[in-house]
Amino acid sequence: MSESSPGASAGSSRTNNRMVADPEDISRMLRRLAHQVVENVKDVTNIVIIGIPTRGVPIAERLAKNIRDIEKISIPVGSLDVTLFRDDLQMRPSKALEQTRLPAGGIDGKTVILVDDVLFSGRTIRAALDAMNEYGRPAVVQLAVLVDRGHRELPIRPDYVGKNLPTSLNEKVSVQISEIDSVDQIVIQSTTEQL
Amino acid sequence: MKHLLSVQELSRAGTLRILDTALELNQVTDGGTKILPTLRGRTVVNLFYEDSTRTRISFERAAKRLSADVVTFSAKGSSVSKGESLKDTALTLNAMGADMIVVRHPSPGAAHRLAHAGWLESSVLNAGDGKHEHPTQALGDAFTLRAHLRPGAKDFAGLTIGIVGDVLHSRVARSNIFLLGILGAKVIVIGPPTLLPVGIENWPCEVSYSLDAYLPELDAIMMLRVQQERMNGTFFPSELEYSRTFGLNRKRARELPEHAIVMHPGPMNRGVEITAEVADSAQSVITEQVVNGLVVRMASMYLLIGGNVSVA
């Protein structure tokens with residue numbers, strides 16, 4: 001990503017990119033999150049980690065790997081697409097669906113840890129809680145995010161946070177994960193209107 | 001995409017978008033048995049000018065699986081039988097606030113007229129217009145073919161598919177031939193010359209009057225229903241002769257490659273175009289086609305009215 005590019009439609013706006021986490025930072029965050037999960041959850045053998053596509057899925061897999069490294073047990077990982085459960089579908093064109101693949105053992109009675117890249121309005125998580133209802137009844141649901149950028153619109157809070165990033169609404173937080181974006185980094189893109 | 005009127009309006013990418021969406025919907029709903037909240041508060045009107053229990057039920061179920069409100073409007077016993085025109089019916093439905101109109105009509109082009117005459121703000125989905133097209137049936141068949149013969153593939157290159165029988169009266173055949181062409185399959189249309197439409201030489205398919213020669217090279221065979229109700233002339237000497245020449249029986253089914261699948265859009269005339277034995281055999285995917293029709297209808301509804309096309 002280059003440091004600035006003018007917007008396509010409005011020639012009067014500028015985009016500035018500011019990197020706030022590099023690959024080292026991200027892997028340290030995930031190691032810390034794994035330790036927090038292990039400390040907090042009573043029975044680690046009961047954990048199921050569910051990533052929300054797209055970037056929540058590779059993050060979920062890495063978190064599971066970190067927990068495996070600590071506890072020497074394998075943790076089931078799945079993905080849950082929430083598109084069909086969103087309450088803001090009518091505010092944008094319909095988009096293609098992502099994969100939903102729950103682990104073979106299901107989620108009934110499990111400690112489900114939902115994983116997403118950025119927590120913003122909370123609407124994705126609300127949709128995920130609804131979607132999960134369709135597949136079973138977990139004993140406990142917790143939320144792990146790499147970035148909490150604030151601006152919640154619903155009473156939802158994360159249990160594990162990689163990094164708190166206070167942002168303004170004209171900034172965009174972009175989490176890039178090497179499995180998808182070929183690089184690990186967190187970038188804040190800010191668009192400033194030039195007069 | 002606001003309307004789905006004809007497969008000929010679809011690109012390969014657009015077709016794959018529908019098939020991939022259907023694949024995920026099939027996965028998350030266990031073959032269309034779970035209910036999703038996606039279209040809550042939206043209204044889907046099934047406007048049926050022709051009797052069709054199967055298609056109507058499939059569309060009703062697809063809409064209900066996505067939590068849409070469904071209104072079914074059959075021409076029989078409605079204002080249409082009192083002489084209301086298509087335009088006035090459309091204006092009425094628009095005033096009632098339909099988000100989507102699923103239309104089945106005996107006249108080719110009826111769906112197109114409904115979509116583009118400026119009567120409606122709704123999306124229009126063609127559920128069969130005369131001998132013209134039936135796009136969701138073809139999409140369901142493509143979904144079935146992909147699941148069995150090319151799982152996850154981006155095209156059907158290298159597949160040979162036979163479409164056998166009454167192509168003249170069949171909108172299903174027409175939609176299938178064009179959609180399979182878009183996906184890059186080789187299509188061989190087989191039937192008596194009297195049941196093949198004029199101009200078929202310009203379609204993306206080969207034509208043959210003999211079934212037996214092609215059986216060993218087909219990856220899939222689609223048997224079409226002999227549509228007696230649309231025939232007002234003599235197209236072949238007798239049913240028995242038709243079934244001897246173009247019917248799929250056990251002997252012919254054995255000539256197909258082992259991996260080949262047998263398809264039929266339904267409803268079947270058992271003993272005419274297909275014998276009961278073949279229809280119920282392990283090669284037959286006929287009941288699966290019904291389920292797959294449902295999931296592609298859900299996918300089409302989601303893609304047409306799940307989002308908001310005016311917000312680009």
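Which domains does the domain assignment of chain B give? The answer is domain 1 (7-133 + 291-305) and domain 2 (135-286), with bounds that come from an automatic or database domain assignment. This is a predicted model, in which local features need pLDDT of at least 70, side-chain atom pairs count only at pLDDT 80 or more, and totals for chains, interfaces and linings use all residues. Residues are numbered from 1 along each chain as its sequence is written, chains are lettered from A and ligands numbered from 1 in the order in which they are written, and side-chain values use heavy atoms, with hydrogens and water left out.

- The C-alpha centres of domain 1 and domain 2 of chain B are 25 Å apart.
- Domain 1 of chain B brings 32 residues to the contact and domain 2 of chain B brings 28, where contact means heavy atoms within 4.5 Å.

**Buried area**
- About 2,500 Å² is buried between the two domains of chain B, and carbon and sulfur atoms give 62% of it; this is the accessible area (1.4 Å probe) that two parts lose on being put together, summed over both.
- Val7(B), Arg12(B) and Lys131(B) supply 26% of what domain 1 of chain B buries against domain 2 of chain B, more than any other three residues.

**Salt bridges**
- Three salt bridges cross this interface, each a side-chain nitrogen of Lys or Arg within 4 Å of a carboxyl oxygen of Asp or Glu.
- Arg12(B) also forms a salt bridge with Asp155(B), at 3.7 Å from N to O.
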